[in-house]
There are 2 protein chains.
Amino acid sequence: MAKRKSEFELIHWLRSERVLPCRVRLGIGDDCAAVDLGPGETCLITTDTIVDGVHFRLDEHPADLVGRKAVGVSLSDIAAMAGRALAVVSAVAIPAECPVDLAERVCTGIAEACHEFGVDLVGGDVVGTSGPLTITTTALGGVCPERMLSRSGAKAGDSIMVTGDLGGSILGRHLNFIPRLREAGSLATRFSPHAMIDVSDGVSRDLSHVLSESGGLGAELESAAIPVSAAARQLATHTERPALWHALNDGEDFELLFTAAQPEAERIVAQWGDPTLVTVIGQVTPEPGLWLRDPEGWRSPLEIEGYEHLRP
Amino acid sequence: MAKRKSEFELIHWLRSERVLPCRVRLGIGDDCAAVDLGPGETCLITTDTIVDGVHFRLDEHPADLVGRKAVGVSLSDIAAMAGRALAVVSAVAIPAECPVDLAERVCTGIAEACHEFGVDLVGGDVVGTSGPLTITTTALGGVCPERMLSRSGAKAGDSIMVTGDLGGSILGRHLNFIPRLREAGSLATRFSPHAMIDVSDGVSRDLSHVLSESGGLGAELESAAIPVSAAARQLATHTERPALWHALNDGEDFELLFTAAQPEAERIVAQWGDPTLVTVIGQVTPEPGLWLRDPEGWRSPLEIEGYEHLRP
């Protein structure tokens, strides 16, 4: 007969056998990871880093808005899964030459944004760095497993929808946007969307993520339906590009992009009732490829030109 | 009669009133924050940033060990709360001039460490930076609320104990340590310790955190009982300081420092059975102040000299 395990050996065995682990419902590659902690309780987690000179400019932007952005980008990912935001931890790497009051204002911005967005700031880390000010914010969310929206649920024939208007975020919105937690909660509880993502890399790129994660589908967007923001139009007066290009390709709108069956999309538009705009901008096609249809009905390929980090 | 709320208005009200939020059991200031997600299910979260040139040297240390350290420091915080590690997300800021294979080896180190420590790597972020390579790792843990160990439970008369041996981590252990998850789990399930912290800033400083969080207590350590590591002794041959100084003040040991009532401490030592050493190093006193008692019985004040980030 095998020797009876001591309590310690048993615990050790339980740990090594991982009888008690969480179940990873959704791993790397969506807006958040989803981890089942207990029956009916799925926890969302997402982490984002923003770096001075890449995602903001401390010599130009108000320090409190920099902190606010760090919180907003992560809460936007929680919204994109239709989660409710629970808690935030924030790690700040501060350059030695950064004035103390500036660093404090960034941290105050983090705390104030958490308060504004109704989430608890529960912890963090502060370290020194020889490089630029860098903030990594991790948000924890909760979601009903049945209501969670991933990138992978889009179906051919779905209407493609967005909240708000698009483009030109560099003129200010990339700092002071409001993560669409309320709108996402309303969508998930009152309607039945199929897939969702937040627009962080530009509609063309983020839509392509949804389409490829949903099994290699395509999409046709209606150019006249795209909600081009005033900022995109203003930006277009300084750039060589049309305002529509900015609406389709600028990143950091932090709006929600989602799909729903066509009748459900019509119901969403009819019954929405939230001050934040929702718009049908096109539809999902069974064959891959991104197309843009102009008001005369001509179709042209839509290039993905959104911002990509670390591009050469 | 007040107008009946629409479903949307109700959801909006529920959110704004925060009837459904998590309960923050433990906020900023311990090794982890503890957030109650549902009945009997407490979630731990901790975030840590390590920066090239501050916490490691990419030109000197193996890249995979750098990734391993990023994971280990956060899991050590989960261990310090007696939690089980569930999931990790890791955000990496990569300098433009960093060779691709080096960045990849860091990330491989992160993934391999997660595998080795039995935790799922569920997400992350990769961004460019003009500064040094910076890794922020956030770990999610689960813990039985009744078994969670914070810094604040120490009592006058408690024995002070540590796992492993101490000091000289700069000679290697700060990179290749094993977070004490197994030992912490064994402690919390088989014994009844009062308070726990991981030794990241040096025993003197970390002990002082426990004492102040426990209501302004003090401690007397026995110099002859301190488990001085071979690395501390080796380091002392190059520095002006005694090996004991390194054991008491060097940071990044990532051992567990905990307190337990004296009879329980004796039971822990007698019944421990784990290959990792546990040692009683002193006792908690009702009056504040840190003292070191030598083998002749003479008491001298113990200065806190552990490493502090951002010190002038």
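Phe254(A) is placed in the loop between H8 and S10 of chain A. The model is a predicted one, and in it Phe254(A) has a positive phi of about 55° although the residue is not a glycine. Phe254(A) is also buried, with a relative accessible area of 4%.

**Phe254 and its partner ring**

- Over all chains, a search of the whole structure finds four aromatic pairs.
- One of them joins Phe177(A) and Phe254(A): the ring centres are 4.1 Å apart and the planes meet at 20°, so the pair is stacked.
- Phe177(A) belongs to the loop between helix H4 (173–176) and H5 of chain A, and Phe254(A) to the loop between helix H8 (243–249) and S10 of chain A, so the pair ties together parts that are 77 residues apart in sequence.
- Phe177(A) is buried, with a relative accessible area of 4%.
- In chain B, the rings of Phe177(B) and Phe254(B) have their centres 4.1 Å apart and their planes at 20°, so this pair is stacked.
- Phe177(B) lies in the loop between helix H4 (173–176) and helix H5 (181–190) of chain B, while Phe254(B) lies in the loop between helix H8 (243–249) and strand S10 (256–260) of chain B, so here the pair ties together parts that are 77 residues apart in sequence.
- Both Phe177(B) and Phe254(B) are buried, and the relative accessibility of Phe254(B) is 3%.
- Phe254(B) has a phi near 55°, which is a positive value in a residue other than glycine.

**The seven-stranded sheet of chain A**

- Seven strands of chain A form an open sheet in the order S8-S10-S7-S11-S9-S12-S13, with mixed pairing.
- Strand S8 (195–198) and strand S13 (299–301) of chain A are at the edges, each with a single partner strand, so one side of each is left without a neighbour in the sheet.
- From one strand to the next, the twist averages 30°.
- Strand S12 (residues 289–293) of chain A pairs with S13(A) in the antiparallel sense over three bridges.
- Within this pairing, Arg299(A) in S13(A) is the bridge partner of Arg293(A).
- Helix H5 (residues 181–190) of chain A lies across strand S7 (159–163), S8 and strand S10 (256–260) of chain A, and runs at about 10° to S10(A).

**Charged groups over rings**

- The charged end of Arg299(A) sits over the ring of Trp291(A), 4.0 Å from the ring centre.
- Arg241(A) lies over the face of Trp245(A), at 3.9 Å from the ring centre.

- In strand S6 (residues 134–143) of chain A, 10 of the 10 residues are buried, so the strand is largely enclosed by the rest of the structure.
- In a regular strand the side chains alternate between the two faces of the sheet.
- Thr134(A), Thr136(A), Thr138(A), Leu140(A) and Gly142(A) point one way from S6(A), whereas Ile135(A), Thr137(A), Ala139(A), Gly141(A) and Val143(A) point the other way, and all are buried.
- Strand S3 (residues 41–51) of chain A pairs with S6(A) in the antiparallel sense over 10 bridges, and Thr42(A) has Val143(A) in S6(A) as its bridge partner.
- Strand S4 (residues 84–95) of chain A also pairs with S6(A) in the antiparallel sense, over nine bridges, and Arg84(A) stands opposite Gly142(A) in S6(A).

**Cys43(A)**

- Cys43(A) lies in strand S3 of chain A and is buried, with a relative accessible area of 0%.
- Apart from neighbours within four places in sequence, Cys43(A) is in contact with residues of chain A, including Ala33(A), Val35(A) and Gly141(A), and with Leu37(B) and Leu140(B) of chain B.
- The C-alpha atoms of Cys43(A) and Leu86(A) are separated by 9.4 Å, although the two residues are 43 residues apart along the chain.

**How the two chains are related**

- The same surface serves both copies, as 100% of the contact residues of chain A recur in chain B.

Technical notes
Residues numbered from 1 in each chain as written. Chains lettered and ligands numbered in written order. Predicted model: local features only at pLDDT ≥ 70, side-chain atom pairs only at ≥ 80, totals over all residues. Heavy atoms only, no water. Contact = heavy atoms within 4.5 Å. Pairing = 2+ DSSP bridges. Helix = DSSP H or I, 4+ residues; strand = E, 2+ residues; numbered from the N terminus. Axes fitted to C-alpha atoms, helices over the stretch in contact; angles between N-to-C directions. Phe/Tyr/Trp six-rings, centres within 6.5 Å; stacked < 30°, edge-to-face > 60°. Buried < 20%, exposed > 50% of the residue type's maximum accessible area, 1.4 Å probe, protein only. Lys NZ or Arg CZ within 6 Å of the ring centre and 35° of its normal.
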